[in-house]
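Have the sequence and the 3D view ready. This short report walks through selected parts of one structure, strand by strand and helix by helix.

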Amino acid sequence: MFASTAYRQASRAAFSCSRRQLSAAASNAASSNGKNMLTVAACVSAVGATYVAYGVSEKDKAQAAFGFVSSSTAQKQVDDEKEKFAKYWPRCIMILFGPPGSGKGTQGPKIEELLGIAQLSTGDMLRAAVSAGTEVGKKAQAVMKAGGLVSDEIVVGIIRDRIREPDCKYGFILDGFPRTLVQAKALDAMLAEEGAVVSRVIELEVPDSVLEERICGRWIHKKSGRSYHVKYAPPKSMQKDASGAAVPDSMKDDETGEPLMQRADDTAGALVKRLQGYHSETVPILQHYKPTGVVEKVNANQQMAGVWKEVLRALAGGKIE
Ligand code: AMP
């Protein structure tokens, strides 16, 4: 069962001819169960055609096809490939762009799963710092609650450290960063040090008039990040009072039954400030990236399936319908 999943994963990657995906699929399969030689062999043989281009010998491929390859040999092949991609292949550096409530937190994990690159949300990182009571958290807490922007210095520092982590080697998806031109230029400078550039900006468009209902009805399961909405995606447990409003104590996560929470800044009052900041400080970033041809628009004010279809088109640089 697991072997066939791994095989499908690797074949899909091979046929889509994405070297990064191929490496990630093979690596995932190998590392999730290092003892399972058949799995590794299935994975290696599925991508065998592509391996030819990278100099894996016929003997190795034949051995892999019949399950004779040891997991350590297969892992070494995977590691060698990964090293090569990290060195020579441009990283996929993507910015998910859009106002609060436009769906960055919903689309990000789906892109993460599709491409196997990490989603980095500065909002999540800052909320974690606030919960942990760190120095950064103490500095950020009040301004976040009021819907203002945390200082460029703090967020640039957080991102600088985060993108050096090994899981960002092949690329990453930025959610909520950059939010000012200063941050965009700092990002460009950080990337330039490694010969990298922003390769895609996906702009999720939603009219301001729709955002208040989206934001104020939003409930979150803190541990998993699962997001619900009283009207559009209510949890199974939700009960309503006589006026039709959701009863807070009834809001529980569908999977764990744990209580859901509302973000301190998901209020109509804070949203006004967040939207002001978005239009005055964040939107100009689009003009900064447009000349490089990486910006793709998505209509995020439609059914989820339609948004995802447009996101896929945007990921491909608008090349598919
Ligand atoms: P988000 O979860 O992206 O809506 O972010 C929540 C809050 O965290 C924002 O309203 C800001 O107060 C703060 N924040 C997140 N990212 C940034 C950033 N790049 N620059 C400044 N403040 C940020």
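β1 and strand β4 (residues 200-205) pair in the parallel sense over four bridges. Here two strands pair if DSSP finds at least two bridges between them. Helices (H or I, at least four residues) and strands (E, at least two) are DSSP runs, numbered from the N terminus. Within this pairing, Met 94 has Arg 200 of β4 as its bridge partner. β1 also runs parallel to β3, with five bridges joining them. There, Ile 95 stands opposite Leu 174 of β3.

This is a predicted model: local features need pLDDT of at least 70, side-chain atom pairs count only at pLDDT 80 or more, and totals for chains, interfaces and linings use all residues. Residues are numbered from 1 along each chain as its sequence is written.

β1 covers residues 92-97, and five of its six residues are buried. A residue is buried if 20 or more other C-beta atoms lie within 10 Å of its own, exposed if 12 or fewer, and partly exposed in between, with C-beta atoms placed from the backbone. In the whole protein, buried residues make up 36% of the 321 residues. The protein has 15 helices and seven strands.

Two of the helices can be set side by side. The expected span of a helix is 1.5 Å times one less than its number of residues.

| Helix | Length | Span, first to last C-alpha | Expected span |
|---|---|---|---|
| α11 (181-192) | twelve residues | 16 Å | 16 Å |
| α15 (304-315) | twelve residues | 16 Å | 16 Å |

Which residues of α15 are buried? They are Val 307, Glu 310, Val 311 and Ala 314. These residues lie on the same side of α15, because they cover an arc of only 105° around the axis. The arc is that of the directions from the helix axis to the C-beta atoms. An α-helix has 3.6 residues a turn, so residues three or four places apart point the same way. The cover over the buried residues of α15 includes α7 (104-115), β4 and β7 (295-299). After α15 comes Gly 317, with a positive phi near 70°.

In α11, the buried residues are Gln 183, Ala 184, Ala 186 and Leu 187. Their arc around the axis is only 165°, which puts them on the same side of α11. Ala 189 and Ala 192, on the other side of α11, are exposed. Among the elements covering the buried residues of α11 are α10 (152-162) and α14 (284-289).

A cis peptide bond joins Phe 177 and Pro 178, with omega about -5°. Most peptide bonds are trans.

Now the ligand. It is surrounded by 17 residues, the closest being Thr 122, Gly 123, Val 150, Gly 176 and Arg 179. A residue counts as near if its C-beta atom, placed from the backbone, lies within 6 Å. α8 (122-132) and α9 (135-145) each give two or more residues to this shell. The largest share, three residues, comes from α8.

Val 150 is found in the loop between α9 and α10. Is Val 150 buried, exposed or partly exposed? Val 150 is partly exposed, because 19 other C-beta atoms lie within 10 Å. Beyond residues up to four places away in sequence, Val 150 touches Leu 126, Ala 140, Val 143, Met 144 and Val 155. Contact means C-beta atoms, placed from the backbone, within 7 Å.

Terms used: Contact = placed C-beta atoms within 7 Å.
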